[in-house]
Amino acid sequence: MGLPRHWAANMSTVKEHSVFLKPLRSISPTTFSAIKKCALNVVWRRNGSPPLLPTSPKARVGTAAHKLLAEAGQGRLKATADSVNTRWHELVEEADVAISRTPLERHLAPLDSSVPDIEVLRIRATRKALDIACESQTTPRKDRSHVTPPSYGHEIPVQSTDRLVRGTIDAVIRKDGTGIIIQDYKSGSIVELEDGNEVQPKKPYQTQMKMYAGLYAENFGEWPASLELVSLTGERLGVPFTKNDCLNLLDEAKATLKRINEAVEYHPSSSLPPILASPSPEACIFCQFRPACGPYRLAAAKQGKEHWPLDVIGTVESVRRLGNSRMMLSLTTGTDSVNIPGLSPGDRHPALLNLKPGDMAGVFNLRRSRPSAPYSESRLTTVHKLEQSTLSA
Ligand code: SF4
């Protein structure tokens, strides 16, 4: 009898992504924010490179929440609590099915168990979606026509005249006397601490909002009076802007798109990682391509690992089953010998079955309570057998 398919899928050796990379046709405000963190991540993602680490269950629920709000804005939900709730449960169930079919994430299903505050998120998301569904019903019929793009309402598509920058605005509200308000809904926190401990809207969100303002003006010939980030709790936070800020960001986005596409066109895909990568603890910690990313490894190794994701990469010394039936993987990293005890046995880490002394391996998304404490497995911990070449950029 062969191995279960989902085991085999997670047992193959990870190489630096070698898919043929194609240029990006356009850029959205969200993509531009992501490119500012790391262009390699975006180019790999947009070219369909498979993720090598799990998506966090909370992010899955956030995606379901955003989808619910989008459907409400598109007028696809009946404006009743029952229909919004039913749709929420369908979306979470769809996410559960997707997770169960993903070898890296199947142990995280169902989301009801792996996201402790899912009920809080449900209440907030469905409440907001119901508001939007009600507003969406009262949007004047002529502006909801699909013949010409609507200039206000929900889910308003916008693009630059050269079509290089495009996106969809969550909500455009037109108020007599105050002018147009552009809103963007966020399922997580919308603020960050600036130097000096002042709370401000997250910088990537500020960039996105300003780009939406510029695109809106380009499409409809009218500048918004204000920009607002709206959280699921109903918190609203204004984003200050000037027209010049917005126009400069659109120019910057187009120049960035051109620079990336030139790199993709003029270099073989295998030489692109060091050209496009911008490794940093902030960018790499959320990146699902770390196991295949040489520039990340080099940067994290050079900078001493502090603040970087808790990953251990090295040569396998041994794989042992412990008395408590958990597994222990011992790796030599070049400077240290590292034991990683407490790894789940069975199909949680299929790659463990395939490792032998001398192989290269990586254990990603570990945790520990303090720098000198032993590593332990988190819900997102993933083991991969690695090809030697992924260790160099
Ligand atoms: S691991 Fe870091 S450097 Fe590599 S693609 Fe991801 S974000 Fe970029």
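Tutor: We'll go through cavities, the ligand, ring pairs and backbone geometry.

Student: What kind of model is it, and how are residues numbered?

Tutor: This is a predicted model, where local features need pLDDT of at least 70, side-chain atom pairs count only at pLDDT 80 or more, and totals for chains, interfaces and linings use all residues. Numbering runs from 1 along each chain as its sequence is written, and side-chain values use heavy atoms, with hydrogens and water left out.

Student: How many cavities of 30 Å³ or more are there?

Tutor: Two. A cavity is a set of points, on a 1 Å grid over the protein atoms alone, where a 1.4 Å probe fits but cannot get out. Points are joined across faces, edges and corners, and a volume is the space filled by probe spheres set on them.

Student: What volume does the largest cavity have?

Tutor: About 100 Å³. Its lining has 13 residues, and Cys38, Asn41, Cys284, Cys287 and Cys293 are the closest to its centre. Lining means an atom within 4 Å of a point.

Student: Which helix gives the most to that lining?

Tutor: H3, with three residues. Helices H3 (39–46) and H12 (281–284) each supply at least two. Helices here are DSSP runs of H or I, at least four residues, and strands are runs of E, at least two, numbered from the N terminus.

Student: How does the lining divide by class?

Tutor: Into 10 nonpolar, two polar and one charged. Ala, Val, Leu, Ile, Met, Phe, Trp, Tyr, Cys and Pro count as nonpolar, Asp, Glu, Lys and Arg as charged, and the others, Gly among them, as polar.

Student: Where does the ligand sit?

Tutor: In the largest cavity; the test is more than half of its atoms within 2 Å of the grid points. Residues around the ligand include Cys38, Asn41, Arg290 and Tyr296, each with a heavy atom within 4 Å of it.

Student: Why does the ligand lie between two domains?

Tutor: Domain 1 (7–15 + 289–391) and domain 2 (29–251) both give residues to its shell, so it lies between them. The bounds come from an automatic or database domain assignment.

Student: New topic. How many aromatic pairs are there?

Tutor: Three. Rings of Phe, Tyr and Trp (its six-membered ring) pair if their centres lie within 6.5 Å; planes under 30 degrees apart are stacked, over 60 edge-to-face, the rest tilted. Trp44 and Phe289 have centres 5.6 Å apart and planes at 75°, so that pair is edge-to-face. Trp44 and Phe289 are 245 residues apart.

Student: Where is the cis peptide bond?

Tutor: Between Ala109 and Pro110, with omega about 0°. Pro110 is in the loop between H5 (81–100) and H6 (111–114).

Notes: 1 Å grid on protein atoms, 1.4 Å probe; cavity = no way out; pocket = protein on both sides within 12 Å on 5 of 7 lines; lining within 4 Å.
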